[in-house]
Amino acid sequence: MRSPPSLLLIRRLAAFAALMVAIVIAYLSLMPVDEGPAPVFTDKVNHFLAYAGLAAPLTLALHPKRWLRAVIVATVYGIGLEFAQAMGDAGREGSVLDAVANLLGALAGAALIRFAAGVRP
């Protein structure tokens with residue numbers, strides 16, 4: 001069964017939003033430390049909020065019933081960026097605790113959309 005046109009448009013816009021958030025996260029994660037903006041919150045809170053902000057539109061784009069896929073995609077993306085930080089020369093370090101904050105943020109963002117959409121366990 002096909003989705004109504006308005007729902008399809010919402011899902012496409014959500015996919016575009018998720019892509020834009022992913023690009024911003026990559027840019028901020030890989031830029032040299034001394035060129036980055038001053039942190040508003042602690043590092044772990046920033047990671048949590050960034051990945052919640054990635055997983056929420058991603059969950060909407062994939063469908064709220066597929067929230068776990070969105071969490072997995074966001075978390076694997078975050079782990080990939082942590083490896084890139086560890087291997088790069090921008091003065092950044094990969095961190096397991098950052099990856100955990102990414103996972104927790106992705107879970108929170110996906111849960112927000114899942115429950116807002118009324119998806120039951």
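This is a predicted model: local features need pLDDT of at least 70, side-chain atom pairs count only at pLDDT 80 or more; totals for chains, interfaces and linings use all residues.
**The largest pocket**

The largest pocket holds about 730 Å³ of space. Its lining is made up of 25 residues, and those nearest the centre of the pocket are Leu-28, Asp-43, Asn-46, His-47 and Arg-92. Two elements, helix 1 (5-30) and helix 2 (43-62), each give two or more residues to this lining. Helix 2 gives the most, with six residues. Sorted by class, the lining of the largest pocket contains 14 nonpolar, seven polar and four charged residues. Asp-43, one of the residues nearest the pocket centre, returns below as a salt-bridge partner of Lys-44.

**The nonpolar surface patch**

A nonpolar patch on the surface is formed by Val-40, Phe-41, Val-45, Phe-48, Leu-49, Val-96, Val-100, Leu-103, Leu-104 and Leu-107. Together these residues have about 860 Å² of accessible area. Helix 2 and helix 4 (96-116) each supply at least two residues of the patch. Helix 4 accounts for the largest share, five residues.

Phe-48, one of the patch residues, is found in helix 2. Why does Phe-48 count as partly exposed? The relative accessibility of Phe-48 is 33%, and the partly exposed class runs between the buried limit of under 20% and the exposed limit of over 50%.

**Salt bridges**

How many salt bridges does a search of the whole structure find? The search finds two.

| Salt bridge | N to O distance |
|---|---|
| Lys-44 and Asp-43 | 3.1 Å |
| Lys-44 and Asp-98 | 2.7 Å |

Asp-98 lies in helix 4 and Lys-44 in helix 2, so this pair ties together parts that are 54 residues apart in sequence.

Lys-44 is partly exposed, with a relative accessible area of 34%. Asp-43 is partly exposed as well, at 39%. Asp-98 has a relative accessibility of 5% and counts as buried, since buried means under 20%.

**The loop residue His-63**

Where does His-63 lie? His-63 is in the loop between helix 2 and helix 3 (67-87). Its phi is positive, at about 125°, although His-63 is not a glycine. Most residues other than glycine have a negative phi. The relative accessible area of His-63 is 26%, so the residue is partly exposed.

The C-alpha atoms of Leu-8 and Val-40 are separated by 35 Å, and the two residues are 32 residues apart along the chain. Val-40 is one of the residues that form the nonpolar patch.

At 48% relative accessibility, Leu-19 counts as partly exposed. From Leu-19 to Thr-42 is 23 residues along the chain, and their C-alpha atoms are separated by 24 Å.

Ile-72 and Tyr-27 are 45 residues apart along the chain, with 21 Å between their C-alpha atoms.

Notes
Residues are numbered from 1 along each chain as its sequence is written. Side-chain values use heavy atoms; hydrogens and water are left out. On a 1 Å grid over the protein atoms alone, a cavity is a set of points where a 1.4 Å probe fits but cannot get out, and a pocket is an open set with protein on both sides within 12 Å along at least five of seven lines; lining residues have an atom within 4 Å of a point. Grid points are joined across faces, edges and corners, and a volume is the space filled by probe spheres set on the points. Helices (H or I, at least four residues) and strands (E, at least two) are DSSP runs, numbered from the N terminus. Ala, Val, Leu, Ile, Met, Phe, Trp, Tyr, Cys and Pro count as nonpolar, Asp, Glu, Lys and Arg as charged, and the others, Gly among them, as polar. Patches are made of residues with over 30% relative accessible area and no salt bridge: like charges are joined within 9 Å, nonpolar side chains (Val, Leu, Ile, Met, Phe, Trp, Tyr) within 5 Å. Accessible areas come from the Shrake-Rupley method with a 1.4 Å probe; for residues, only the protein chains shown count as cover. A salt bridge is a side-chain nitrogen of Lys or Arg within 4 Å of a carboxyl oxygen of Asp or Glu. Buried means under 20% relative accessible area, exposed over 50%, partly exposed in between (1.4 Å probe, protein chains only).
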